[in-house]
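Work through the exercises below with the sequence and the model at hand. Each task is followed by its solution.

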Amino acid sequence: ALCKRKADREVILAAYAEQRRHLDELVQDGRPHLVTTYAAEAADVMIQLGEMDEARVLLRLGLQAAQSAGLGPKRARLELQQARVERLSGLHRLAAAHVAEALALATEGQDLELLARVHLENSQLQEAQQHWRAALDCYKRHAETREAVLAAQAEARSQALAARVDVERNRVEAELARLRSAELQRQVEHLAEEAGELKRQALEDPLTGLANRRQFEHRIAQLR
């Protein structure tokens with residue numbers, strides 16, 4: 001966050017020192033998931049500050065934790081960061097080894113987004129070595145993989161929207177059924193009131209409200 005706000009280098013390094021102590025505690029506690037996450041984030045900071053040696057130390061910690069816990073995807077991301085460090089340091093052979101390892105892990109895990117990042121890093125590595133044809137091939141693979149990622153994301157969004165539409169349709173249909181039921185009940189009650197009123201009018205004198213001859217005969221018939 002401090003790097004994004006472009007804080008002073010001394011402030012960032014002071015915050016990093018605190019994070020580094022916390023990372024050492026996580027290593028001692030044996031918490032590999034958090035170690036890999038913290039190591040990757042801290043390494044990004046060190047790379048931005050140009051502290052490549054410290055970035056290597058962090059990435060070594062993260063890789064050891066990821067390998068011991070069998071965290072393939074996180075290990076692939078750390079290998080990719082390591083490749084970037086070596087490329088920026090001019091150690092192209094080491095960078096190529098880390099790219100190859102990241103590529104194998106990303107392919108094994110079928111992580112298209114990570115695979116696209118690996119192809120992009122590899123293209124930058126080839127370009128740094130002035131291997132223009134290889135760099136172009138890597139850029140093409142990156143573009144193709146990114147297209148596949150975007151297509152998968154679009155399909156996932158489409159399915160999510162379809163599911164939301166189904167849920168909303170069911171809710172609307174349930175609400176309509178409830179309203180229809182309430183309307184029918186209201187109409188039944190209204191008809192019952194009208195029937196009661198008609199019955200009352202048929203059995204009572206409209207002027208006095210007393211029972212008329214029809215009601216008298218009906219009561220006599222009931223008594224008989």
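**Exercise 1.** In this predicted model, state what covers the buried residues of α2.

Solution. Start with the residues concerned: Val35, Thr36, Ala39, Ala40, Ala42, Ala43, Val45, Met46, Ile47 and Leu49 are buried in α2. Their cover includes α1 (9-29), α3 (52-69) and α4 (72-88).

**Exercise 2.** Classify the packing of α4 against helix α5 (residues 92-109).

Solution. The helices pack at an angle of about 160 degrees, and their axes are 8 Å apart. Angles over 145 degrees count as roughly antiparallel, so α4 is roughly antiparallel to α5. Their crossing is left-handed. Residues making the contact include Leu80 and Ala83 of α4, and Leu94 and Val99 of α5. By class, the contact has 9 nonpolar, 4 polar and 5 charged residues.

**Exercise 3.** Decide whether Arg56 counts as buried or exposed, and list what Arg56 touches.

Solution. Arg56 lies in helix α3. Its relative accessibility is 15%; buried means under 20%, so Arg56 counts as buried. Leaving out residues up to four places away in sequence, Arg56 touches Gln82, Val85, Glu86, Ser89 and Leu91.

Note on methods
Residues numbered from 1 in each chain as written. Predicted model: local features only at pLDDT ≥ 70, side-chain atom pairs only at ≥ 80, totals over all residues. Heavy atoms only, no water. Buried < 20%, exposed > 50% of the residue type's maximum accessible area, 1.4 Å probe, protein only. Helix = DSSP H or I, 4+ residues; strand = E, 2+ residues; numbered from the N terminus. Contact = heavy atoms within 4.5 Å. Axes fitted to C-alpha atoms, helices over the stretch in contact; angles between N-to-C directions. Parallel < 35°, antiparallel > 145°, perpendicular 65-115°, else oblique. Left-handed = near helix turned anticlockwise from the far one by under 90°. Nonpolar A, V, L, I, M, F, W, Y, C, P; charged D, E, K, R; others polar.
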